Amino acid sequence: MAARDRSAISRSDTVVELSGVHKVYRQRQRSANLSQVLSSLLHPTIREVEALRGIDLRVQRGEIVAYAGPNGAGKSTTVKLLSGLLAPDAGSVRVLGLDPIRDRTRYVSRIGVVFGQRTELWWDQPIAASFEWKRVVWDIPRERYVRMLGLLQEVLGLHEFFHSLARELSLGQKMRADLGMALLHEPEILFLDEPTLGLDVLAKRDILTFITDINRRQHVTIMVTSHDMADLEQLAGRVVMIHRGSIAYDGDFDRLRREYADRRRLSIESVGPAPLLDGAQLVSSAGGRHEYVFDAAHVKIAALLDQASAQTEVLDVETHRAPIDDVIADIYEAWQREAGAPVPAPTS
Amino acid sequence: MAGSSPAWTLRRLLALWRFYGAMDLKWMMRDARSLLLWTLSDVITAISAVASTLLLAARFNGIGRWSTPQITFMLGYALLVGMIPNIFFNYNVAYISRRIGRGQFDHVLVQPQPLWMILLTEGFSPFTTMLGLLPALALLAWPLGRGVHTVTIGWLAAFGLNVVASVAIALSFSLIVGSLAFWAPRAAEEINSSSWHLLESLKLFPLDGMGAGLTATLLTAVPAGFLAWYPSRALLGIDGAGYAILVTPLAAVVAVLLATWVFRRGLRQYGRTGSQRYLSFGHRR
Amino acid sequence: MHSVVADFGRWMVALSAVVLHRYWKTAAMAATSFTGDSLLFLVDYLLRLIRVAVLLSIWRIVLAGRGPVSGMTLATVLTYTLIAEVFAEQLTPRTRLEEALWEGTIATRLLQPMNVVGQFAAEMWGQWAVNLALFSLPLLLLCPAFGVSPRPAGWGAAALFAVSLLLAMSVGLALEFIFGALVVAMQESVWVVAQVRRAVTLLLSGAVLPLALLPWGLGNVFQWLPFASLASTPLKLYTGTGNPLVLLPLQLAWSVLLWPLAGWMWRRYRERLAGHGG
C-alpha cells in the first residue's frame with residue numbers, strides 16, 4: 001500500500017478478528033508393520049485432531065501480541081489461518097477488514113509473514129535477486145524500495161551476505177534475510193512464526209529491538225509465536241496462551257506470573273552445606289552458593305531467611321524473579337497433569 | 001496494487017515476464033560452463049527423444065502410412081510442443097504436483113497476484129531453454145523444405161493455432177493430474193513426472209491403425225494424440241478433411257475448462273487441509 | 001576345533017542376521033513409504049499400462065505384413081516389449097541417489113552404519129517389491145488380453161535371462177553411482193546430468209527400441225556399450241535372439257570394469273559430498 005500517514009490511524013482499530021474459529025485435521029494412521037500396510041491402505045484409520053476449538057481473538061492496531069503454547073497447541077494453525085493459507089472449518093477470520101482467503105491478492109499485499117521453518121528466498125539465487133523479485137512481484141515503488149532496503153540492510157546486517165546464494169547461508173542469515181523481505185513492502189501487520197530461531201544472542205537482540213522499533217515508529221501490528229518465552233516477554237505487552245486448541249490465557253506477563261505461579265529464585269551464600277528450607281526447593285549448590293526456587297505467593301522470603309539463618313551462617317543473599325521459561329514450564333506441566341499425560345521427570 | 005483492469009493486467013504480466021526472464025539470464029550467466037551444459041543437455045535430450053522414432057522410420061521407410069518426411073514433421077511438432085512448456089512453465093509450474101506435494105504452494109499463495117498470473121509468469125525461463133528449440137525447428141524445416149506441405153500465411157496461422165492448442169492440452173492434462181496432490185500430497189508429489197513421461201513418450205508415434213478404444217483414450221483421457229499426431233495429420237492434409245485443423249483447438253478449450261474446474265476444486269480442498277509437508281528450499285526448481 | 005568352528009559359524013550367522021536385518025528393514029521402510037498414504041500410486045500403474053498398450057499397437061503397425069527383421073518376428077518384438085515393461089525397473093535400476101544429491105541429504109547417508117551402495121540398493125529393492133507385486137505380476141497375467149505371449153524362448157533362455165538380469169542390475173547400479181559421482185565432481189545441478197543420462201539410456205539401452213531394429217548397423221555398434229547391457233542383452237536372451245556366448249561375457253566385463261570406476265570416483269569426491277546439494 002502507499003506509504004500513508006499511519007499516525008492518523010486510530011490506535012483503537014481492531015485489525016485482527018477471529019470469531020468462533022474451529023479447525024480440525026484428519027490424520028491417516030499408518031502401521032509400521034509391513035503386513036498391515038495393505039489393510040491400512042484399504043481401511044484407513046483416521047484420527048481427528050481438533051487444532052482449534054472456538055477461538056475468539058481480537059488484536060488492536062499497533063499491538064505486539066505474543067502467541068504461545070506447547071507443541072501441537074494450535075499456534076501454527078492460527079498463523080496459517082491469518083496468512084490466508086488455510087480456511088477455518090467454522091467461524092470467521094477477518095484481518096484488516098478483509099477475508100484472507102476471499103480477498104487474497106489485496107490482503108497479502110498488506111501483510112508480512114515469516115515462518116521460522118520456511119524461507120521465501122530463491123534457493124539458487126543471491127539474496128539481492130530475491131529482494132529484487134519481491135520488489136517486482138509486490139510492485140513496490142522504487143524510491144520506497146531503495147529507502148526500505150537501505151534501512152533493512154543496515155539494521156539486519158544484510159550487506160555482509162547480500163550477494164551470496166541463499167543455499168550458502170547459515171540458518172541465522174536466512175532468517176535475517178527473510179525478515180527483511182517480509183518488511184520490504186511496509187506491511188501493516190506482521191506475522192512471525194519463530195523469528196529468532198537459530199539466531200545468536202547478538203542477532204536476536206538486534207532483531208527484537210528492530211521489531212519493537214518498527215512497531216513504535218510505523219505502528220505495524222505484530223503477532224509473534226515462539227518457544228523462547230524470554231524473547232516474547234521482552235517483545236510483547238500481551239501474551240495469548242493457547243492450549244489444546246483453546247485460549248487458556250490472554251493478558252500481560254505480570255498477571256500471568258501472578259495467576260499461575262509467582263516463582264522466585266533465592267540465592268544464599270553460606271558456610272557449610274545447603275540449609276534445608278521448608279517451602280523452597282534446592283535447584284543447585286556449588287562452592288557455598290545455594291540456589292532455591294519458591295512460590296512467593298505462598299512463602300515469604302523473610303521466613304526462608306529465618307530458616308537459613310537458624311541452620312548456618314548466611315554470608316550473602318540474592319533474590320530475583322524466576323525466568324519466564326520456568327513459569328511457562330510449570331504451566332505446561334500443570335496442563336499435562338490435567339490431561340493425565342505423564343510428566344517427564346525433571347533432570348538434575 | 002492488485003487491480004483488475006486490462007491495462008493493469010497487461011502491465012503486470014509484462015513486468016513479471018521481464019523480471020523472470022532477466023533472473024533466468026542472470027542465473028544462466030553465472031558462468032559460461034553452466035550455460036554450455038544446460039543448452040547441451042537440452043539439445044541432447046531433444047535429439048534422443050525423437051531418435052528412436054526417426055531411426056525406426058529410416059529403417060522401415062516410414063511408419064504405417066506416414067512417410068519419413070511426414071514423420072520428421074510430426075516429431076518436430078512434438079518437440080516444439082514439448083519445449084514451449086519448458087520455456088514458459090519451468091520451476092515446477094508444469095510439474096505442479098511437486099509444488100503442491102512438497103508444501104511449496106504456500107509460496108504462490110502469499111504473492112499479491114491472481115493465481116493464474118503467478119502460474120503464467122513464475123516459470124518463464126527463456127534463456128536456459130530456448131536453444132532446445134533448435135532441434136524442433138530443424139525437424140520442421142527439413143520436411144517443409146522437401147515440400148511435405150505448401151507453406152502459406154494461412155497455413156502458418158493454422159500451425160501456430162494448433163501448436164498453442166497442443167501446449168494448452170498438455171498443460172491442462174498436467175494440471176488435472178497434478179491437482180490430485182491437493183488430496184494426496186505425499187502419494188501424488190511425483191505424479192506429474194509420470195504424466196509428462198507418458199505424454200512425452202506416446203506423442204512420438206503416429207497413431208493411425210490403432211484400435212478405436214486406444215485411439216479414443218489417446219484423444220481424451222490421455223491426450224497424447226493431440227500433442228503431435230492429430231494436429232500434424234490435419235496440417236499435412238493426411239486426413240483430408242479441412243475441419244480437422246480446428247479439432248485440436250476445440251479440444252484445447254474443453255481441456256482448459258476441465259483443468260480449471262478440477263484445479264479450483266483442489267484449491268478448495270487445500271484451503272481446508274493446508275499442507276502438512278514442507279521441503280524447506282524456498283523457491284526452487 | 002569343532003566347537004571353535006561352531007562358535008564361528010554361530011557368530012557369522014548372528015552378524016549376517018544383524019547386518020542383513022538393517023538392509024531388510026531399510027527395504028521394508030522404502031516399500032511402505034512408496035505406497036504413501038493413498039491409493040493414488042496406482043495411477044502410475046494405469047499410465048504405464050496405457051503406454052504398454054500403445055507400444056504394442058505401434059509395433060503391430062510397423063511390422064504388419066513383414067517377415068522376420070534382423071531375426072525378430074512380430075511375435076518376438078511384442079514379447080520383447082512386454083517383458084521390457086514387466087522388468088522395467090530392473091532393466092534400468094534407479095535409486096534415490098539423485099534425490100539425495102539434490103536435497104543435500106547425501107552427507108547424512110554417510111552417518112548410517114551401512115554401506116552407501118547397500119543403503120540405496122536396499123531402498124530400491126523395497127520399492128521394486130511393491131511394483132513387482134502390484135504391476136509386473138498383473139501385467140504378466142494380462143498378456144493374453146494384449147495378444148502377447150510372455151513365454152521365453154525356452155527353459156535355457158529363461159535361465160540365461162535370470163543370470164543376465166542380475167548382471168544388468170549390477171551394471172545399472174554401477175552406472176547410477178558413476179553418474180552420481182559425476183554430478184558431485186562437476187559441482188553441477190543434478191538435473192543436467194540426469195536429463196542427459198535418461199535420454200541417452202533410453203535410446204542406447206534397447207528398452208524401447210530393440211537395437212537389432214536400428215538402421216545402418218547402429219545396433220551392432222551400440223551393443224558393445226554398457227547401456228546395452230542394461231536392457232538389450234537380457235531381453236535378447238529372453239527372446240532367444242542373442243548369442244549368450246558373446247553377450248554374457250560382455251555384461252560381466254562391464255560389471256567388472258564399472259564397479260571399480262564407481263568406487264574410485266566416490267572415494268575421489270567424498271569430501272565434496274558433505275557440502276553437495278541442499
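Trainee: Which residue in β9(A) is the bridge partner of Met241(A)?

Mentor: The partner is Tyr249(A). This is a predicted model, in which local features need pLDDT of at least 70 and side-chain atom pairs count only at pLDDT 80 or more, while totals for chains, interfaces and linings use all residues. Residues are numbered from 1 along each chain as its sequence is written, and chains are lettered from A and ligands numbered from 1 in the order in which they are written.

Trainee: What makes β8 (residues 238-243) and β9 of chain A a pair?

Mentor: Two strands (DSSP runs of E, at least two residues) pair if DSSP finds at least two bridges between them. β8(A) and β9(A) have 5 bridges, in the antiparallel sense, so they meet the definition of a pair.

Trainee: Why are β5 (111-115) and β9 (246-251) of chain A said to stand at the edges?

Mentor: The open sheet of 6 strands has the order β5-β6-β7-β3-β8-β9 in chain A, with mixed pairing. β5(A) and β9(A) each have a single partner strand, so one side of each has no neighbour in the sheet. On average, neighbouring strands here are turned by 15° against each other, direction ignored.

Trainee: How do you know that the side of chain B touching chain C is made up of 22 nonpolar residues, 11 polar and 2 charged?

Mentor: The contact (C-beta atoms, placed from the backbone, within 7 Å) takes 35 residues from chain B and 29 residues from chain C. On the chain B side, α2(B) gives the largest share, 14 residues. Ala, Val, Leu, Ile, Met, Phe, Trp, Tyr, Cys and Pro count as nonpolar, Asp, Glu, Lys and Arg as charged, and the others, Gly among them, as polar. Sorted in this way, the chain B side gives 22, 11 and 2 respectively.

Trainee: What makes a set of residues a nonpolar core?

Mentor: Its members are buried Ala, Val, Leu, Ile, Met, Phe, Trp, Tyr and Cys residues joined through C-beta atoms within 7 Å; buried requires 20 or more other C-beta atoms within 10 Å of a residue's own. The largest core has 228 residues, and those that touch the most other members include Val224(A) and Ile169(B). Helix α8 (residues 155-186) of chain C gives the most to this core, with 15 residues. A second, separate core of 8 residues includes Leu266(A) and Phe294(A).

Trainee: How many helices and strands does chain C have?

Mentor: Chain C has 13 helices (DSSP runs of H or I, at least four residues) and 0 strands. Of its 278 residues, 42% are buried.

Notes:
Two residues are in contact if their C-beta atoms, placed from the backbone, lie within 7 Å. A residue is buried if 20 or more other C-beta atoms lie within 10 Å of its own, exposed if 12 or fewer, and partly exposed in between; C-beta atoms are placed from the backbone. Axes are lines fitted to C-alpha atoms, for helices over the stretch in contact, and angles run from 0 to 180 degrees between N-to-C directions.
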